[in-house]
Amino acid sequence: MESIIPDLTCIIVLVHNKIDVTKQFLTQLFENTYEKHYHLVIVDNGSTDGTSEYLATLDKDNIHIISLKYNSGVIDGRNLGYERSKHLDYDYLLFLDNDQFVEKEWLEQHIFFMKQGDYDVLGVEAWEMSESFRPLWMAKNPTDVYTYVGAGGMILKRKVVKEIGLFDTSFSPMYFEDPDYCFQCNKRGFHVGWNPHARITH
């Protein structure tokens, strides 16, 4: 399935301590992702458990480490990862949590599903939201109604970010930035979808 991805993806991952989880995450990412298909941008949010030292040992041309002395939070951290990766050559931007573990050909499947559905933004978890801006339930079946997809596992075309930017920092440090972003995408006419068959486990 390698031929399905002629384009590059920039994968942004936040870490904060939990070094064993990060090691497991990276082991599976490296084993199940074709190296020439992606850049990996790791934002270390002020880890103090040896994570920073471990990340410094990673020696791959497609890995880019951003080490912070403080915990910037989820929203600011993801936005910073994007800002620092603007110079890289890629067509898709993808956010993963470091406790989301990927399976064989996961990226090929995710992008194939995105292209097949003609989506501009695609997630691996979908939710229905109430009028009071609270999640009601997670979609379980492909026919379920949903309002937004979560940021963990979200992939989007780079042109989307260039047009509307990234997450609203007024929600910092976390929560509600992903439904807000999906609402903004819908308003601009971008197609938001959910991949119920994603090979990403949380």
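A polar contact here is a pair of N or O atoms within 3.5 Å; within protein, one must be able to donate a hydrogen and the other to accept it, and residues adjacent in sequence count only if both atoms are side-chain atoms. Keep that in mind for glutamine 100, whose side chain reaches the backbone nitrogen of aspartate 97 at 2.8 Å. A polar atom of that side chain also lies 3.2 Å from the backbone oxygen of glycine 152.

A quick word on the model: it is predicted, and local features need pLDDT of at least 70, while side-chain atom pairs count only at pLDDT 80 or more. Residues are numbered from 1 along each chain, and side-chain values use heavy atoms, with hydrogens and water left out.

So where does glutamine 100 sit? Look in the loop between β4 (92-97) and β5 (101-102); strands are DSSP runs of E, at least two residues long, numbered from the N terminus. Glutamine 100 counts as buried because its relative accessibility is 1%, and buried means under 20% relative accessible area with a 1.4 Å probe, protein chains only. Leaving aside neighbours within four places in sequence, its contacts (heavy atoms within 4.5 Å) include Phe25, Phe95, Val124 and His202.

Now move along to β7 (residues 126-129). This strand pairs with β8 (residues 135-138) in the antiparallel sense over three bridges, where pairing takes at least two DSSP bridges. Tryptophan 127 stands opposite methionine 138 in β8. Five residues lie between the strands of this hairpin, and phenylalanine 133 takes a positive phi near 70 degrees. β7 also pairs with β9 (residues 148-149), again antiparallel, over two bridges; there, alanine 126 has valine 149 as its bridge partner.

Notes
Helix = DSSP H or I, 4+ residues; strand = E, 2+ residues; numbered from the N terminus. Buried < 20%, exposed > 50% of the residue type's maximum accessible area, 1.4 Å probe, protein only.
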